[in-house]
Amino acid sequence: MSVREKFDSELNLAQNQLIELSTMAIEALDKSIDALINHDIDAALKVIEDDAEINVLEEELNDRVILIIAKQSPVATDLRRLIVLIKIASDLERIGDYAVNIAKETIRIGKEELVTPIELIKQMRSLATAMLRQVIEAFIEEDVVKGKEIAELDDQVDELYGEAIRRLMMAGASNPEKLSQITQLAFISRYMERSADHATNIAEQLFYLVRGKHYNLNN
Amino acid sequence: MTMTIKADKKKSAATPEQGIKVPVYQTKELNLWYGEKHALKNIDLDINENEVTAIIGPSGCGKSTYIKTLNRMVELVPSVKTSGEILYRDRNIFSSDYQVEELRTRVGMVFQKPNPFPKSIYDNIAYGPRIHGIKNKKILDEIVEKSLRGAAIWDEVKDRLNENAYSISGGQQQRICIARALAIEPDVILMDEPTSALDPISTLKVEELVQELKEDYSIIIVTHNMQQAARISDKTAFFLNGEVIEFDETDAIFSNPSDKRTEDYISGRFG
């Protein structure tokens, strides 16, 4: 039996909350893009409404971690793990905010037919959500090799983002009356690209947890 | 014999350049046996001047034995034998011409439980200097005041110097013992769990005092309180079963130790 059973069980609870938070944030991102594709205002409103739960869960996780630090005086890997939990939770909460932003843009676009096919945005969604799912798995397994592979996928998302912006600008030139929608779609592309960046941030936190050093995987 | 209190001394021009550490103690291949029991195994440790070095480790790991070896107090145990060297200021303290009294004048010690003499506060502090032949009342008064100030207890006891040292609190008694150690103008202060019998406020006072004292002295502290080691020391040595498992900057030991056994110990997973 571990000497620090209480500490370990508290830590497990915090880690489980993080997994739950990641599931909610990824689902929100997925649903916001679904709402966009389907012009589904109700679904977009639901994404906005559900974000409150993500925020509450992030706060609960932070409070739990602060209490563990205050009561258990963790050091070394234990301490790094707790700090990393807080930072990853913040990344996930931000992803929830991006989903809300996408949902708001979706509501602004409304039933209006989209000027460009949103194939690129769909591809970015697939990549970003896969990156997020896998990076959380890698974090739980403390697998830095997998973490690095996931971070490398970010380049593909960046390329898709560049291409999406290029096409939107071209569409803007031939459809000046649709400039508002084009701007919304550009923002949405940006939110997807940023979500993938947060997956890379999480991979960096995984490296910090395992190796005790800071790595920049964004370059 | 002239006696000056070290805290008065200005740093000499010969003070080493910043960043260059001067070892006060160098331990080389030290082995120690209590009869058949091999209590210290191949210890190599350099203790730097004007630093606080913490020694941590589970009970029976050899940490108290090690610091008692530094002032040769361990020789009071009949069956003890040693091999290897401990250089104090470049002289081997085990060499036959090294007078133990000389060593102990340079190396003061503070123990786990406050152990003042059953005398007045004044006489406790003046005890060492008197043994060293100081009889002049004015000089003794000066030493007593400076030592008590150095141990951050002067203001609390200045009006009660003639009271028995047992009449004050445990935390105050411990600082009296530190003042007593300072009175002989040591170079090094050894502290064997100096706060384990103290309440949290007294503990903090002693910890703050240690931080101040390192400006003028080199301090080696054995502690069971991991957070204390983390708070007050510059370097930390982790002992286990008579061996030094890891010796590094305290920041490194408590944030990213290189040995799993160190990590397990400091994070409370064994010991």
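## Helix packing and the A–B interface

In helix H1 of chain A, A:Gln15, A:Leu18, A:Ile19, A:Ser22, A:Ile26, A:Leu29, A:Asp30, A:Ile33, A:Asp34 and A:Ile37 meet A:Ile121, A:Lys122, A:Arg125, A:Thr129, A:Leu132, A:Arg133, A:Ile136, A:Phe139 and A:Ile140 of helix H4. Contact here means heavy atoms within 4.5 Å, and helices are DSSP runs (H or I, at least four residues) numbered from the N terminus.

This is a predicted model, so please note that local features need pLDDT of at least 70 and side-chain atom pairs count only at pLDDT 80 or more, while totals for chains, interfaces and linings use all residues. Residues are numbered from 1 along each chain as its sequence is written, chains are lettered from A and ligands numbered from 1 in the order in which they are written, and side-chain values use heavy atoms, leaving out hydrogens and water.

**H1 with H4 in chain A**
- H1(A) packs against H4(A), residues 119-141, at an angle of about 175°, and their axes are 11 Å apart; axes are lines fitted to C-alpha atoms, for helices over the stretch in contact, and angles run from 0 to 180 degrees between N-to-C directions.
- H1(A) is therefore roughly antiparallel to H4(A), a label for angles over 145 degrees, with under 35 counted as roughly parallel, 65 to 115 as roughly perpendicular and the rest as oblique.
- Sorted by class, the H1(A)–H4(A) contact holds eleven nonpolar, three polar and five charged residues.
- Nonpolar covers Ala, Val, Leu, Ile, Met, Phe, Trp, Tyr, Cys and Pro, charged covers Asp, Glu, Lys and Arg, and the others, Gly among them, are polar.

- Twelve nonpolar, three polar and five charged residues make up the contact of H6(A) with H7(A).
- H5(A), residues 144-152, and H6(A) have axes that come within 4 Å and cross at roughly 10°, which means that H5(A) is roughly parallel to H6(A).
- A:Ile150, A:Ala151 and A:Glu152 of H5(A) meet A:Asp154, A:Asp155 and A:Gln156 of H6(A), giving two nonpolar, one polar and three charged residues.

**Where chain A touches chain B**
- Twelve residues of chain A contact eleven residues of chain B.
- About 920 Å² is buried between the two chains, 40% of it from carbon and sulfur atoms; buried area is the accessible area (1.4 Å probe) that two parts lose on being put together, summed over both.
- Two salt bridges are found across this interface, where a salt bridge is a side-chain nitrogen of Lys or Arg within 4 Å of a carboxyl oxygen of Asp or Glu.
- A:Asp78 and B:Arg269 join their side chains in a salt bridge (2.6 Å, N to O).
- On the side of chain A that touches chain B, H1(A) (5-38) and H3(A) (76-109) each supply at least two residues, and the largest share, four residues, comes from H3(A).
- That side of chain A has four nonpolar, three polar and five charged residues.

**Salt bridges overall**
- A search of the whole structure gives 38 salt bridges over all chains.
- Within chain A, A:Lys146 and A:Glu141 form a salt bridge (3.3 Å, N to O).
- In chain B, B:Glu75 pairs with B:Arg72 in a salt bridge whose closest N and O atoms are 2.6 Å apart.
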